[in-house]
Amino acid sequence: MSQRLPSSTAPAPEPVSAGGRREFLRVAGAAALYGTLGHHGAWAAGSDAPEKKEVKIGFIPLTDCASVVMASVLGFDQKYGVKIVLSKEASWAGVRDKLVNGELDFAHVLYGLVYGLHLGVGGPKKDMAVLMGLNNNGQAITLSKALADKGAVDGASLAKVMAREKREYTFAGTFPTGTHAMWMHYWLAAAGINPISEAKLITVPPPQMVANMRVGNMDGFCVGEPWNHRAIMDGIGITANTTQDIWKDHPEKVLGATGEFAQKNPNTCRAVMMAILEAGRWIDVSLQNKTKMAETVAQKSYINTSVDAINQRILGRYQNGLGKTWDDPNHMKFFNDGAVNFPYLSDGMWFLTQHKRWGLLKAHPDYLAVAKQINRIDLYQQAASQLKVSVPKDVLRTSKLIDGVVWDGKNPAQYADSFKIKA
């Protein structure tokens, strides 16, 4: 594992003298000790000392694990009295199993996976908790170079190629109830393609996407970075759309835990959330910090890829693999003044509407009640207030998606039933 970097919410400091270095270490050590004593706020229980001092957090090798990794590497965890032990996982199914059986305390995890588990879809039924959002944006739909050579470079042109060349088309997501599966379903349907009857959708772990496309196992996939950019670098795929094209500032990965763990360890949850909030703020604050983050997470211990596969899109510098380049202001964000991290009830409810739309849920759940059970807004607000991070007044938000349909969380059952293309 890499060495911890200096903790900072600003660009990395200039080199300091030996005396300055001693002072830095003294202050940092005092901050860490202060955190271990549990003196960063008093809760109703009378003490905010973390119930569990060492926590295991699972992550998948994706750029959007960065705030969890950097919370550990930068030492923000120790500042708040906990030690984060990072656990690199091979698949979302593995993350699911280890969360459910208690091998992991927390995980960098797909929003829809957490909601599915709570309702017994995509795994054993288990009360779950979403503690905070980890990132917005930054995923993409990749189509194979072979399809692009036939003219399929976006949703509309893909629909024309599929209508012209009748065969079985295979697309991949990363977990049946997860974000990537839902973005792929939504994107295909927005282009007039029924993802259930007109395509085959398979599940492939994120780090295996590029290798599977290389050998011809799929025509397209939806995954997080850096694997879409990696497909371009390897000459086997093109970016048809980013997920921020589908839904600007969409929810993506969350910090997940079981409901039982969150209930029994609220102080630990708050400490971990504060460490990750601070790490997300550190990443977003400067170009220099984003570059340092990319250099860190590219290492073998984390994503295990070249820095070049990560650092372009994290800065909003996009290319589609066909000669088009652009700067995207809606690139992956980890903090954005706290807008990324607030666990909006409407975000969780949206995934349930899509689970219902595609037949994963047979009946409408009580959307709002489920979201209130899972999304621990109370814990998030307490953690955010300690860091003076702004918290929105409304637990619902309004967004217009790629097909022009507006989602505001106010009538989820009607919204789920309103789509022309569904299971």
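Visitor: Where is Lys388 found?
Guide: Bear in mind that this is a predicted model, where local features need pLDDT of at least 70 and side-chain atom pairs count only at pLDDT 80 or more, while totals for chains, interfaces and linings use all residues. Residues are numbered from 1 along each chain as its sequence is written, and side-chain values use heavy atoms, with hydrogens and water left out. Helices (DSSP runs of H or I, at least four residues) and strands (runs of E, at least two) get their numbers from the N terminus. With that settled, Lys388 is in the loop between helix H18 (377-386) and strand E13 (399-400).

Visitor: Buried or exposed, which is Lys388?
Guide: Buried means under 20% relative accessible area, exposed over 50%, and partly exposed in between, with a 1.4 Å probe and protein chains only. Because Lys388 has a relative accessibility of 76%, the label is exposed.

Visitor: What is phi of Lys388?
Guide: Lys388 is not a glycine, yet its phi is positive. Asp249, in the loop between helix H11 (243-246) and E10, also has a positive phi, near 60°. For Lys388, phi is near 55°.

Visitor: What is the strand order of the open sheet with edge strands E2 and E4?
Guide: Two strands pair if DSSP finds at least two bridges between them. This sheet has five strands with mixed pairing, and its edge strands, E2 (83-88) and E4 (128-133), each pair on one side only. The twist averages 35° from one strand to the next. The order is E2-E1-E3-E10-E4.

Visitor: Which residue in E2 is the bridge partner of Gly58?
Guide: Strand E1 (54-59) is joined by two bridges to E3 (106-110), and the two run parallel. In E3, Gly58 stands opposite Ala107, and Ile57 is opposite Phe106. E1 and E2 are also parallel, over six bridges. There, the partner of Gly58 is Ser87.

Visitor: Which helix packs on the sheet, touching E3, E4 and E10?
Guide: Start from E3, whose Ala107 stands opposite Gly58. The helix direction makes about 140° with that of E3, and strand E10 covers 253-258. The helix spans residues 92-100 and is H4.

Visitor: Which residue in E9 stands opposite Leu143?
Guide: Strand E5 (139-144) pairs with E9 in the antiparallel sense, over five bridges. Opposite Leu143 is Ile238.

Visitor: At roughly what angle do H2 and H13 cross?
Guide: Axes are lines fitted to C-alpha atoms, for helices over the stretch in contact, and angles run from 0 to 180 degrees between N-to-C directions. The axes of H2 (66-73) and H13 (266-285) come within 8 Å. The crossing angle is roughly 105°.

Visitor: How many charged residues does the contact of H2 with H13 have?
Guide: Contact means heavy atoms within 4.5 Å, and the residues making it include Ala66 and Met70 of H2 and Trp282 of H13. Ala, Val, Leu, Ile, Met, Phe, Trp, Tyr, Cys and Pro count as nonpolar, Asp, Glu, Lys and Arg as charged, and the others, Gly among them, as polar. Nine residues are nonpolar and two are polar, and the number of charged ones is none.

Visitor: Within what distance do the axes of H16 and H17 come?
Guide: Helix H16 (345-357) crosses H17 (367-374) at roughly 125°, which makes the pair oblique. The contact involves, among others, Leu345 and Met349 of H16 and Tyr367 of H17. By class, seven nonpolar, one polar and two charged residues take part. The axes come within 9 Å.

Key. Angles under 35 degrees count as roughly parallel, over 145 as roughly antiparallel, 65 to 115 as roughly perpendicular and the rest as oblique.
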